[in-house]
Amino acid sequence: MSDTQDEGRGIPKVKRFMLVNRKAPYGTIYALEALEVVLIAAAFDQDVSLVFVDDGVYQIRKGQQTKDIGQKNFSPTYRALGDYDIEKLYVERESLEARGLAADDLLVPVQVLGAVELGALMDEQDVVFSF
Amino acid sequence: MAVLHTTNKSPMQTRDLESCLRLSRPGSGILLMEDAVYGALKETAAGTMLSKTTKDKRIYVLGPDLAARGFTPEEVVPGVEVVDYGGFVDLAVKYHHVQAWV
């Protein structure tokens, strides 16, 4: 495999990393921590996918205004991910629909996938981190 | 005596809101705060469940937590009242005591 050859030449192997976000922002620290990890993975030039499932879809809901809860609004960071070559953003269709949301309600372009397709994508990863 | 119940978790992650609705008595107030504000939204199962209880219980949702999460009062199910922090304090004073469902 080409991976082995790369390692033989001392070139670091690129792994497929997937971060699965399943929690709403602000109520817990998970969403913010996932963003930290995704930026680290990008710094190491890894193949990174970001997935939003269950309440995780709320992380990328448009129009977040956090002034009155005294927390940093980190939602603009999702729009900056493209600058770090992170362009694989996936949202589960079932999770969106259960919340009465559509792709238009999200602050960043994403690929909306059904559970079956998303499950297949998860299977293809080398590493899956859950948040 | 009327009690103010508070809940702060998403109704899609825990069953706190269901337990609160089941065990709170008519005349109670229920305040949704932090991630629980998602429970007050239209087009969600929790919102539908809440809209059936607004006749015998007063339901409130904390506005700043709603705004932080990108939602407006217009997206809240009818019969649910949006309050600010001052309103929260008024409710805590008005009800006999506060019971938190954490």
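Two strands count as paired if DSSP finds at least two bridges between them.

This is a predicted model, in which local features need pLDDT of at least 70 and side-chain atom pairs pLDDT 80 or more, while totals for chains, interfaces and linings use all residues. Residues are numbered from 1 along each chain as its sequence is written, with chains lettered from A and ligands numbered from 1 in the order written.

β1(A) is also joined to β2(A), in parallel, by 6 bridges. Bridge partners of two β1(A) residues are listed below.

| Residue | Partner | Partner strand |
|---|---|---|
| M18(A) | V128(A) | β5(A) |
| L19(A) | L50(A) | β2(A) |

Because 5 of its 6 residues are buried, β1(A) is largely enclosed by the rest of the structure. Buried here means 20 or more other C-beta atoms, placed from the backbone, within 10 Å of the residue's own.

The largest nonpolar core has 55 residues, and L19(A), V38(A), V51(A) and V37(B) are among those touching the most other members. Such a core is a set of buried Ala, Val, Leu, Ile, Met, Phe, Trp, Tyr and Cys residues joined through C-beta atoms within 7 Å. Elements giving two or more residues include β1, α2 and β2 of chain A and β3 and α3 of chain B. α2(A) gives the largest share, 5 residues.

Notes: A residue is buried if 20 or more other C-beta atoms lie within 10 Å of its own, exposed if 12 or fewer, and partly exposed in between; C-beta atoms are placed from the backbone. Helices (H or I, at least four residues) and strands (E, at least two) are DSSP runs, numbered from the N terminus.
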